[in-house]
Each structure stands twice: as structure tokens, then as C-alpha cells.
Amino acid sequence: MQIMLLFAVIVLAIIPGMLTRIYALYLQDRLIVTEEQLRYFMPTGNSLPTKLMKSQWIAWRFASDRDLCGAYGLVSGSI
């Protein structure tokens, strides 16, 4: 009985921690998308399509503003 109670307490302590980390990663991904949409909008006045893959958003986060505007022309043909 005590072992089951200990197991339940351990499981209930781990699950909220895991959910918190998953939510934080999801929120970080949303912030990256918002940042990159703003970065693209400022120099061009156009909005980016929302059909881009998460890996493209993350890669553009490390690109310069000039590369971002130029790379979109190459990627937009494949969307």
C-alpha cells in the first residue's frame, strides 16, 4: 500500500513538470513565429504566409534581415 502511494506521489510530481516544459516549448515556438512575422513586415510591408514549417521559422530567426527578405522569394515558390 505504501509503495503504491509513493508511486502515485512520484507520478503526480512528474506530470506537472512535464506539462510545464511542453507548454513552455509551445509558447516559445509561437513567439518565434510572431517575431519573424514582425521582422519581415517591418522592411517589406507584407505578411508572411502561415503555411511555413516550424524548421523554416526557426532557421529564419538566425538569418539577417536582408537574408530573410531574399530567402522568402526562394521559399515561396515551394509552398
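Reader: How many helices and strands does the chain have?

Author: Three helices and zero strands. Keep in mind that this is a predicted model. Helix α1 covers residues 2-44, and helix α2 covers residues 54-61.

Reader: What share of the residues counts as buried?

Author: Of the 79 residues, 13% are buried. The chain exposes about 6,400 Å², and carbon and sulfur atoms supply 69% of that area.

Reader: Okay, and how do I read a salt bridge?

Author: Start with the general idea: side chains of opposite charge can pair when their charged atoms come close. In this structure there are three such salt bridges. Take Lys54 and Asp29, whose side chains meet at 3.3 Å, N to O. This pair links distant parts of the chain, since Lys54 lies in helix α2 and Asp29 in helix α1, 25 residues apart. Asp29 is partly exposed, at 25% relative accessible area.

Reader: Which residue does Glu35 meet in a salt bridge?

Author: Arg61, with an N to O distance of 3.5 Å. Here too the pair links distant parts of the chain: Glu35 sits in helix α1 and Arg61 in helix α2, 26 residues apart. Glu35 counts as partly exposed at 38% relative accessibility, and Arg61 is partly exposed as well, at 33%.

Reader: How far apart are the closest N and O atoms of Glu36 and Arg39?

Author: They are 3.0 Å apart, and the two residues form a salt bridge. Glu36 and Arg39 are three residues apart in helix α1, so about one helical turn separates them.

Reader: Is Glu36 buried or exposed?

Author: Buried. The cut-off for buried is under 20% relative accessible area, and Glu36 has 1% relative accessibility, so Glu36 counts as buried.

Reader: What does Glu36 touch, leaving out residues up to four places away in sequence?

Author: Glu36 touches Leu48, Trp57, Trp60, Arg61 and Leu68. For the chain as a whole, take the contacts with a separation of 6 or more: residues 24 or more positions apart account for 51% of them.

Reader: Which residues make the nonpolar surface patch?

Author: Leu6, Ile10, Ile14 and Met18 make the patch, which is about 380 Å². Residues in a patch need over 30% relative accessible area. Met18, in helix α1, is partly exposed with a relative accessible area of 48%.

Technical notes:
Residues are numbered from 1 along each chain as its sequence is written. This is a predicted model: local features need pLDDT of at least 70, side-chain atom pairs count only at pLDDT 80 or more; totals for chains, interfaces and linings use all residues. Side-chain values use heavy atoms; hydrogens and water are left out. Patches are made of residues with over 30% relative accessible area and no salt bridge: like charges are joined within 9 Å, nonpolar side chains (Val, Leu, Ile, Met, Phe, Trp, Tyr) within 5 Å. Accessible areas come from the Shrake-Rupley method with a 1.4 Å probe; for residues, only the protein chains shown count as cover. A salt bridge is a side-chain nitrogen of Lys or Arg within 4 Å of a carboxyl oxygen of Asp or Glu. Helices (H or I, at least four residues) and strands (E, at least two) are DSSP runs, numbered from the N terminus. Buried means under 20% relative accessible area, exposed over 50%, partly exposed in between (1.4 Å probe, protein chains only). Contact means heavy atoms within 4.5 Å.
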